[in-house]
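The tour below goes from one selection to the next and says what is found at each stop.

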Amino acid sequence: MAPLRSARRRQGHRSSRLAALLVTIAAGLGVLPGVAVAAPGGQQLNAADAALLNGVRLAGLWEMPAGQLAADKGQSAKVREIGAGIATEHEELDRLTVEAANKLGASIPSDPTAEQKGWLTEMQNASGARFDQIFVTRLRVAHGKIFPVIGAVRASTRDPVIRKLADDANRFVLHHMQMLESTGLVRWPELPPAALPAPGDDGLLAAASANSGPPIGVSSTVVWLVFLAALGTGGVATYRILRRT
């Protein structure tokens, strides 16, 4: 398998690559690998590990250009500064994600989802204070959704490459949330509620801990269902926030 190359920030955004809204991430799940991903030595990635690898990759593919848009057209100096910082840091995180995928022999997405492209189009069409609000809202909700996935996988993965990626992703995502929150534009009461894992064998934490067993069956189904439910909730909350701007 030929090594993948890290995506770079895009200075221009071609209209053909920007279609009309989160991985809910539902559209994103359409490009994620199936139940398991082949890795060297005949091993397979657990579904939770694959969800982290693909989720972090997809985040970078749209948040790098989103950050560059903010750096170029943000109304406030704060948003422009944060946009440039997020774009730069996601470029580094994307490089680490590609390196992890190459080590594992795993396939990862090469383009944002249709919904993520829609968010970029939405930002391109906005200006002034409305652009700043859309940028902060979209990215803060997206980071809030991947953050618990990182923690769940980091707590249970048996793969050292995924563990290291989770450490790196946790550091970057936490910093990005803090930067976005420093703008004062986060509407806390309207953020989606925390999706705590269900007790017993029904939650994401339990699914992630299935690394000790075969990477097929109920555990992978649970991961996708919980992922879809959380992302759908986030999508509705984002729509309501932006509708009020």
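**First stop: a strand residue**

Select leucine 45, which counts as buried at 2% relative accessibility, where buried means under 20% relative accessible area, exposed over 50% and partly exposed in between (1.4 Å probe, protein chains only). Leucine 45 has its place in strand β2, and its C-alpha atom is separated by 8.4 Å from that of alanine 106, 61 residues apart along the chain. Helices (H or I, at least four residues) and strands (E, at least two) are DSSP runs, numbered from the N terminus.

This is a predicted model, in which local features need pLDDT of at least 70 and side-chain atom pairs count only at pLDDT 80 or more, while totals for chains, interfaces and linings use all residues. Residues are numbered from 1 along each chain as its sequence is written, and side-chain values use heavy atoms, with hydrogens and water left out.

**The whole chain**

Zoom out and colour by secondary structure: the chain has eight helices and two strands, and along the sequence they follow the pattern α-β-β-α-α-α-α-α-α-α. Of its 245 residues, 51% count as buried. The chain exposes about 11000 Å², of which carbon and sulfur atoms supply 55%; accessible areas come from the Shrake-Rupley method with a 1.4 Å probe, and for residues only the protein chains shown count as cover.

**Alanine 50**

Next select alanine 50 in helix α2, which counts as buried at 1% relative accessibility. Its C-alpha atom and that of isoleucine 108, 58 residues apart along the chain, are separated by 8.9 Å.

**Helices α3 and α6**

Now show residues 77-104 (α3) together with residues 160-181 (α6), which pack at an angle of about 170° with their axes 10 Å apart. That angle makes α3 roughly antiparallel to α6, given that angles under 35 degrees count as roughly parallel, over 145 as roughly antiparallel, 65 to 115 as roughly perpendicular and the rest as oblique. The axes are lines fitted to C-alpha atoms, for helices over the stretch in contact, and angles run from 0 to 180 degrees between N-to-C directions.

To see the contact (heavy atoms within 4.5 Å), display side chains including Ile86, Glu89, His90 and Leu93 of α3 and Leu165, Phe172, His176 and Met179 of α6. The residues of this contact divide into 13 nonpolar, five polar and four charged, where Ala, Val, Leu, Ile, Met, Phe, Trp, Tyr, Cys and Pro count as nonpolar, Asp, Glu, Lys and Arg as charged, and the others, Gly among them, as polar.

**Along α6**

Which residues touch valine 161, not counting those up to four places away in sequence? They are Ala100, Lys103 and Leu104, and valine 161, itself in α6, counts as partly exposed at 22% relative accessibility. Its C-alpha atom and that of aspartate 49, 112 residues apart along the chain, are separated by 9.8 Å.

Further along α6 lies histidine 176, which is buried with a relative accessible area of 0%. Leaving aside neighbours within four places in sequence, histidine 176 is in contact with Ile86, Glu89, His90 and His143. To finish, select the buried residues of α6, among them Ile162, Ala166, Val173 and Met177, and show what covers the buried residues of this helix, which includes β2 (44-45), α2 (47-73), α3 and α5 (128-156).
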